[in-house]
Amino acid sequence: MAGTTDEARLEERWRDILAVHARTQGEIDRALHPYGLGASDFEVLDLLASATPPRGEQCRVQNLVGRVHLSQSALSRLIARLEKHGLVERSACPTDRRGVYVQLTARGRELHAETLPVQRAALARALGD
């Protein structure tokens, strides 16, 4: 009987985590909608803005996969969409033809700077005590 109770508590904790995540994503999506961004779009811009690759290097798409909770193909589609809107640039890695670099454009940096306080306020609303 104790095992069932422990499992029920574990399941309840998991569902609580999912509910917080969904509520937070929704809050961020609503806040960023007027800027043409969603929560995942902003997350990629934010990671690229805060990424500090070694001097003269760029951020590899592969490095973003584990940090943005999307599949490799979903992340590739998102980056293609951001590129289409002029927010990021992709380039091939000269030493590894499978590698793809991605970096913010000037427009991407401007939009990130403009939306950063909006996203952080939405995050504070959703996760505030």
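Guide: The side chain of Arg125 makes a polar contact with the side chain of Glu27, at 2.6 Å. This is a predicted model, where local features need pLDDT of at least 70, side-chain atom pairs count only at pLDDT 80 or more, and totals for chains, interfaces and linings use all residues. Residues are numbered from 1 along each chain as its sequence is written, and side-chain values use heavy atoms, with hydrogens and water left out.

Visitor: What makes the pair of Arg125 and Glu27 a polar contact?

Guide: The pair lies at 2.6 Å. The term asks for two N or O atoms within 3.5 Å; within protein, one must be able to donate a hydrogen and the other to accept it, and residues adjacent in sequence count only if both atoms are side-chain atoms.

Visitor: Why is the pair of Glu27 and Arg125 also called a salt bridge?

Guide: Their closest N and O atoms are 2.6 Å apart. The rule wants a side-chain nitrogen of Lys or Arg within 4 Å of a carboxyl oxygen of Asp or Glu. Glu27 lies in helix H1 and Arg125 in helix H5, so the pair ties together parts that are 98 residues apart in sequence. Helices here are DSSP runs of H or I with at least four residues, strands are E runs of at least two, and both are numbered from the N terminus. Arg30 joins Glu27 and Arg125 in a network of salt bridges.

Visitor: What else is Arg125 in contact with, leaving aside neighbours within four places in sequence?

Guide: Ala31, alongside Glu27. Contact means heavy atoms within 4.5 Å. Arg125 sits in H5, residues 106-127. The C-alpha atoms of Arg125 and His112, 13 residues apart along the chain, are separated by 19 Å.

Visitor: How many salt bridges does the rule give?

Guide: Seven. One of them joins Asp41 and Arg81, at 2.8 Å from N to O. That pair links helix H2 to helix H4, 40 residues apart. Asp46 and Arg120 form another, with closest N and O atoms 3.3 Å apart. Asp46 is in H2 and Arg120 in H5, 74 residues apart.

Visitor: Is Asp41 called buried or exposed, and why?

Guide: Asp41 is buried, because its relative accessible area is 7%. Buried means under 20%, exposed over 50%, and partly exposed in between (1.4 Å probe, protein chains only). Asp46 has 15% and is buried, whereas Arg120 has 38% and is partly exposed.

Visitor: Why does Thr24 count as buried?

Guide: Thr24 has 9% relative accessibility, so Thr24 counts as buried. Thr24 is in H1. Beyond neighbours within four places in sequence, Thr24 is in contact with Leu123, Ala126 and Leu127.

Visitor: Which residues of H4 are buried?

Guide: Ala74, Leu75, Leu78, Ile79 and Leu82. They fall within an arc of 135 degrees seen down the axis, so they line one face of H4. The arc is taken from the directions from the helix axis to the C-beta atoms. On the other side, Arg77 and Lys84 are exposed. The cover over the buried residues includes H2, helix H3 and strands E2 and E3.

Visitor: Which members of the largest nonpolar core touch the most other members?

Guide: Val44, Leu64, Leu82 and Val88, out of 24 residues. H2 gives the most to this core, with six residues. A nonpolar core is a set of buried Ala, Val, Leu, Ile, Met, Phe, Trp, Tyr and Cys residues joined through side-chain atoms within 4.5 Å.

Visitor: Why is Glu89 called partly exposed?

Guide: At 40% relative accessibility, Glu89 counts as partly exposed. Glu89 lies in E2. Leaving aside neighbours within four places, the contacts of Glu89 are Glu83, Tyr101, Val102, Gln103 and Thr105. The C-alpha atoms of Glu89 and Leu32 are separated by 21 Å.
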